[in-house]
Amino acid sequence: MMPSRRQFLTATAALGALGAMPLVRAAPLLPPASVSGKAGRVLIVGGGWGGLAAARHLRQEAPQLEVELLERLPAFWSCPRSNHWLVGEADGAALRFDYRQVASRLGYTFLQAEVTGVDRDRRQVLTGQGPLEYDWLVLAPGIRHDYSAWFGDDREAIAQARSRYAPAYTAGPEFAEVQRRLADFKGGDLLITVPPYPYRCPPAPFERAVLLARWFQARQIPGRILLVDANPPNPGYAKVFNEFFRGRIHYVANSPVRRIDLEARRLVAAAGEFTFDSAMLLPPQQAGELAALAGLTGPDDDGKASGWAQVTGPSLQSRADERIFVIGDAVGAVSPLFGHYPKSGHVANRMGRIVAKEIAARAAGKTAEPALPDNLCYVTVNPEPLDVLLMDTQYKFRSDGVIVQTLRQYRDPDLAADELAWHGALMAEMQGLGA
Ligand SMILES: Cc1cc2nc3c(=O)[nH]c(=O)nc-3n(C[C@H](O)[C@H](O)[C@H](O)COP(=O)(O)OP(=O)(O)OC[C@H]3O[C@@H](n4cnc5c(N)ncnc54)[C@H](O)[C@@H]3O)c2cc1C
């Protein structure tokens with residue numbers, strides 16, 4: 001059952017109590033009549049891979065619409081390539097850019113703001129700087145780490161896990177902190193937990209493990225990676241760990257976390273008990289909190305609780321509200337055959353393009369042609385000898401409308417150059433550089 005408007009406004013108030021930006025009920029920034037009076041106004045919340053693609057493509061598809069991007073951070077930070085950056089193998093400048101410059105280049109408005117809720121009845125997004133009205137809302141809030149799955153309502157433990165053992169898995173200053181922690185790491189066991197599916201970029205913790213193990217080797221740091229995976233084994237990586245990283249990476253699969261004692265630095269998981277010297281703790285994931293605050297999450301088609309946003313078919317329209325589209329990692333299951341789309345920057349980008357076309361068509365009183373994303377995912381399987389995997393996923397409709405997925409995989413060291421080109425092209429697209 002969808003929460004009522006009252007329930008999600010209550011949730012908004014609760015967020016305020018937990019220390020988020022206070023909700024200031026200032027006068028609406030636009031009088032209600034002007035929202036639909038002109039051609040229309042689209043608000044996009046979340047300036048990550050999905051939100052930036054939506055903003056850019058909306059300007060192209062529907063230049064008459066007013067587009068405003070709301071994001072809590074002042075600058076974009078790319079998670080793709082960040083594993084390489086953490087070990088000094090990628091240029092940080094190629095992973096970042098300033099939102100304001102991009103917005104003015106592409107002709108949309110950027111507002112740095114924490115969005116604290118959505119009043120769907122009034123079609124308003126609530127921010128610390130007052131409410132903003134929309135005709136269409138695109139939510140691209142990414143993921144949230146669900147520490148409560150481990151620590152319940154123990155806020156002290158959650159705060160400690162976040163600050164001492166941050167996983168560097170969402171954009172922001174956390175990446176620099178984790179890089180500093182690594183620079184100080186003198187040896188011992190570094191624990192990385194792999195959350196249960198679905199989660200953002202499933203190969204990323206494995207790629208990080210091989211890059212870190214290689215980095216330890218190169219710097220003669222007597223360190224070992226403990227990779228505790230909640231899921232069935234990843235056979236490709238398990239083979240590489242065994243052949244090239246014996247004694248450097250200790251991998252246990254089918255081992256969800258049961259308990260963590262942060263003071264004693266001890267983890268109890270299904271496969272046993274582990275102590276650690278440092279850690280990148282990745283708890284289970286859900287859609288970014290805004291999806292729940294807006295009342296857009298709910299049980300999946302099997303009736304099981306889901307922390308992911310429910311959307312309808314290929315349009316990515318929220319099942320709870322025809323004026324709202326959800327894109328990127330926050331999206332829940334889309335097909336009974338494979339469940340979720342891969343939670344990747346590539347898919348988020350394609351979703352941004354899809355909703356831009358949807359909204360442009362609706363603003364013109366038309367219906368958009370149904371479109372589906374594709375996914376390209378490059379991962380380093382072994383840094384030495386270099387071994388890179390490309391997963392190429394395509395989607396199409398079955399005759400009954402169900403979305404079908406096909407995956408092809410390629411393995412070749414030369415794919416490392418393709419990965420750089422892929423990343424550069426999408427970074428340029430988001431910034432409105434080049435074609
Ligand atoms: C280590 C690592 C490696 C990866 N490698 C790849 C790769 O090689 N290829 C690939 O395709 N994908 C990769 N990914 C996955 C990719 O980063 C994500 O799938 C992608 O970022 C999802 O885009 P999104 O727009 O849904 O979310 P995000 O990019 O996370 O953007 C969400 C944005 O919303 C903002 N936000 C959230 N809530 C609010 C709020 N209430 N108010 C204001 N702002 C808010 C956040 O600050 C953030 O900027 C990788 C991820 C990681 C962690």
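How many residues of domain 1 are in contact with how many residues of domain 2? I started there. The model is predicted. I counted 17 residues of domain 1 in contact with 19 residues of domain 2.

**Entry 1: the two domains.** I looked up the bounds. Domain 1 takes in 5-145 and 286-363, and domain 2 covers 155-283. Their centres, taken over C-alpha atoms, are separated by 30 Å. I then checked the side of domain 1 that touches domain 2. α4 and β10 (143-145) each supply at least two residues to that side. α4 gives the most, with four residues. By class, I found six nonpolar, nine polar and two charged residues on this side of domain 1.

**Entry 2: the ligand.** I listed the shell next. It has 38 residues around the ligand, and the closest are G46, G48, C79, G142 and G328. Where does the ligand lie relative to domain 1 and domain 2? Both domains give residues to the shell, so the ligand lies between them. I noted the elements that each supply at least two shell residues: α3 (49-61), β2 (66-71), α4 (82-86), α12 (345-363) and β22 (375-383). The shell divides into 18 nonpolar, 14 polar and six charged residues.

**Entry 3: α3 against α12.** The crossing is right-handed. On α3, the residues that meet α12 include W49, A53, H57 and E61. On α12, the residues that meet α3 include G345, M351, R353 and I359. I sorted the residues of this contact into 10 nonpolar, six polar and three charged.

Definitions and conventions
Residues are numbered from 1 along each chain as its sequence is written. This is a predicted model: local features need pLDDT of at least 70, side-chain atom pairs count only at pLDDT 80 or more; totals for chains, interfaces and linings use all residues. A residue is near a molecule or strand if its C-beta atom, placed from the backbone, lies within 6 Å of it. Ala, Val, Leu, Ile, Met, Phe, Trp, Tyr, Cys and Pro count as nonpolar, Asp, Glu, Lys and Arg as charged, and the others, Gly among them, as polar. Domain bounds come from an automatic or database domain assignment. A crossing is left-handed if the near helix is turned anticlockwise from the far one by less than a right angle, and right-handed if clockwise. Two residues are in contact if their C-beta atoms, placed from the backbone, lie within 7 Å.
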